[in-house]
Amino acid sequence: MLLVILECAGDEVSDSDKGILSAANRIGALLEMEWRAAVIPGANPPDPLPFAPYGVPEVIIAANISGVGDSPDLQGKLLARLAREQNASLILLPHTDAGAILAPLLAAELEAALFTEAIAFRCDDQGIQLQRRALGVQIARNRNWDRSRPLVLTMTTSSLSQVVLPSMKSSLPLLTTWQPDVSALTPMTTIIQRIPPDPQTVDVSEAEVIVSAGKGCDPHTFNQVKELARLLNISLGVTRPVYDLGWTGFERMIGQTGRAVAPRLYLALGISGSMHHLGGIKDSRRIVAVNRDSKAPIFANADEGFVADLKELLPRLLEQVRQATGGAA
Ligand SMILES: Cc1cc2nc3c(=O)[nH]c(=O)nc-3n(C[C@H](O)[C@H](O)[C@H](O)COP(=O)(O)OP(=O)(O)OC[C@H]3O[C@@H](n4cnc5c(N)ncnc54)[C@H](O)[C@@H]3O)c2cc1C
């Protein structure tokens with residue numbers, strides 16, 4: 001049995017929940033496995049309607065477990081108990097913060113194999129072949145799961161697609177309640193505070209919106225790009241030549257040797273679009289480029305492109321943003 005773990009955080013179904021359901025549907029069909037979903041203990045009970053297109057037959061929700069939502073180790077113990085009760089041999093999670101914490105806890109509890117941050121899977125006569133990145137974006141490492149022992153598997157959120165395939169049969173899932181006895185469980189860790197990420201300091205590989213400066217920026221325009229990032233409360237990235245100038249730390253460099261990113265929006269300012277840079281931004285949902293050279297390769301790889309000189313564009317853009325924000329981030 002394949003058990004997929006859903007986060008169900010917030011009112012709307014997250015892209016990662018939809019993506020992991022879509023992946024579970026496909027893996028279940030490939031391995032001819034029965035599958036169902038469970039909500040992380042302590043999360044909100046979901047509205048079943050948005051799950052219908054993915055054809056998940058059943059969603060299991062833990063009830064009467066107050067306090068568990070703030071303790072990842074208790075969540076892991078309960079999910080392991082549920083996986084055992086359900087006779088699950090494959091447990092699938094999105095590689096979100098919660099998924100990354102729960103997966104090793106679950107694997108340890110179940111004495112299962114662990115494979116994290118998978119980017120692709122395919123089936124062959126030996127079982128399922130899983131792929132993850134190694135040494136940057138160019139090299140992939142494959143491993144086979146032969147089903148001889150349970151497997152806990154996480155998939156990167158950038159590799160998850162929310163697309164509903166024609167092979168998926170829409171059905172409203174059955175919501176079932178599970179009432180585990182938690183009286184004997186004592187937490188080893190407790191979350192005392194959740195601090196929202198600061199786009200100025202967050203790891204660029206996790207950033208939602210990035211404005212990136214290339215060699216087309218001089219010291220003055222680079223400061224304007226930094227100001228733009230501050231006012232819009234978005235993350236700053238750079239290309240290698242900008243990093244080489246010593247204007248930022250290595251953690252801001254994006255590309256093949258720098259960080260691979262997957263934001264909702266990537267704004268490329270004064271970036272030519274070399275393959276070394278493009279390799280790190282290809283998972284961006286939307287790329288908008290500004291370059292004064294209409295033949296710059298970045299345009300062929302962007303969703304939207306503007307031929308403009310940053311020296312003229314940035315002062316005007318900043319003025320508008322300052323007016324809209326009142327000068328505060
Ligand atoms: C092994 C290897 C690994 C590498 N890894 C990375 C990596 O991880 N990340 C990375 O970024 N690079 C990497 N590089 C370098 C890469 O090949 C490119 O040299 C680099 O990405 C180019 O950066 P750029 O676009 O900022 O600069 P350029 O290629 O010099 O482009 C600058 C662009 O700015 C435009 N421009 C100039 N002035 C203005 C203006 N006033 N207004 C608007 N546009 C303007 C120009 O038309 C031009 O297109 C690597 C190279 C190698 C060999």
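Q: Which residues of the largest nonpolar core touch the most other members?
A: In this predicted model, the largest nonpolar core has 53 residues, and Val-4, Ile-5, Ile-91 and Leu-92 touch the most other members. Helix α2 (residues 72-85) gives this core its largest share, six residues. A second, separate core of 35 residues includes Ala-213, Leu-228, Leu-269 and Ala-296.

Q: What does Ile-91 touch, not counting residues up to four places away in sequence?
A: The contacts of Ile-91 are Leu-3, Ile-5, Ala-83, Leu-106 and Val-152, once residues up to four places away in sequence are set aside.

Q: How is the protein divided into domains?
A: Domain 1 covers residues 2-178 and domain 2 covers residues 204-325. Their centres, taken over C-alpha atoms, are 34 Å apart. Four residues of domain 1 are in contact with seven residues of domain 2. On the side of domain 1 that touches domain 2, one residue is nonpolar, three are polar and none is charged.

Q: How many helices and strands does the protein have, and what share of its residues is buried?
A: The secondary structure comes to seven helices and 14 strands. Of the 329 residues in the protein, 40% are buried. The C-alpha atoms fill a box of roughly 65 × 45 × 35 Å along the principal axes. Among contacts between residues at least 6 apart in sequence, 66% join residues at least 24 apart.

Q: Why do the buried residues of α4 line one face of the helix?
A: The general idea comes from helix geometry: an α-helix has 3.6 residues a turn, so residues three or four places apart point the same way. Here, α4 (residues 219-232) has 14 residues and reaches 20 Å from its first C-alpha to its last, close to the 20 Å expected at 1.5 Å a residue. Its buried residues are Phe-222, Gln-224, Val-225, Leu-228 and Ala-229. Seen down the axis of α4, these fall within an arc of 155°, so they line one face of the helix.

Q: What do the buried residues of α4 pack against, and which exposed residues lie on the face turned away from the buried side?
A: The buried residues of α4 pack against β10 (209-213), β11 (235-238), β12 (265-269) and α7 (310-325). The face turned away from the buried side carries the exposed residues Pro-219 and His-220.

Q: Where does Asn-87 lie, and is Asn-87 buried or exposed?
A: Asn-87 lies in the loop between α2 and β4 (90-94). Its phi is near 60°, a positive value in a residue other than glycine. Asn-87 is exposed because 10 other C-beta atoms lie within 10 Å, and a residue with 12 or fewer counts as exposed.

Q: What is the place of Thr-177, and with which residues is Thr-177 in contact?
A: Thr-177 is in strand β9 (residues 174-178). Leaving aside its neighbours within four places in sequence, Thr-177 is in contact with Ile-61 and Ala-63. Thr-177 and Ala-62 are 115 residues apart in sequence, yet 5.8 Å apart in space, C-alpha to C-alpha. With 10 C-beta neighbours inside 10 Å, Thr-177 counts as exposed.

Definitions and conventions:
Residues are numbered from 1 along each chain as its sequence is written. This is a predicted model: local features need pLDDT of at least 70, side-chain atom pairs count only at pLDDT 80 or more; totals for chains, interfaces and linings use all residues. Helices (H or I, at least four residues) and strands (E, at least two) are DSSP runs, numbered from the N terminus. The expected span of a helix is 1.5 Å times one less than its number of residues. A residue is buried if 20 or more other C-beta atoms lie within 10 Å of its own, exposed if 12 or fewer, and partly exposed in between; C-beta atoms are placed from the backbone. The arc is that of the directions from the helix axis to the C-beta atoms. Two residues are in contact if their C-beta atoms, placed from the backbone, lie within 7 Å. Domain bounds come from an automatic or database domain assignment. Ala, Val, Leu, Ile, Met, Phe, Trp, Tyr, Cys and Pro count as nonpolar, Asp, Glu, Lys and Arg as charged, and the others, Gly among them, as polar. A nonpolar core is a set of buried Ala, Val, Leu, Ile, Met, Phe, Trp, Tyr and Cys residues joined through C-beta atoms within 7 Å.
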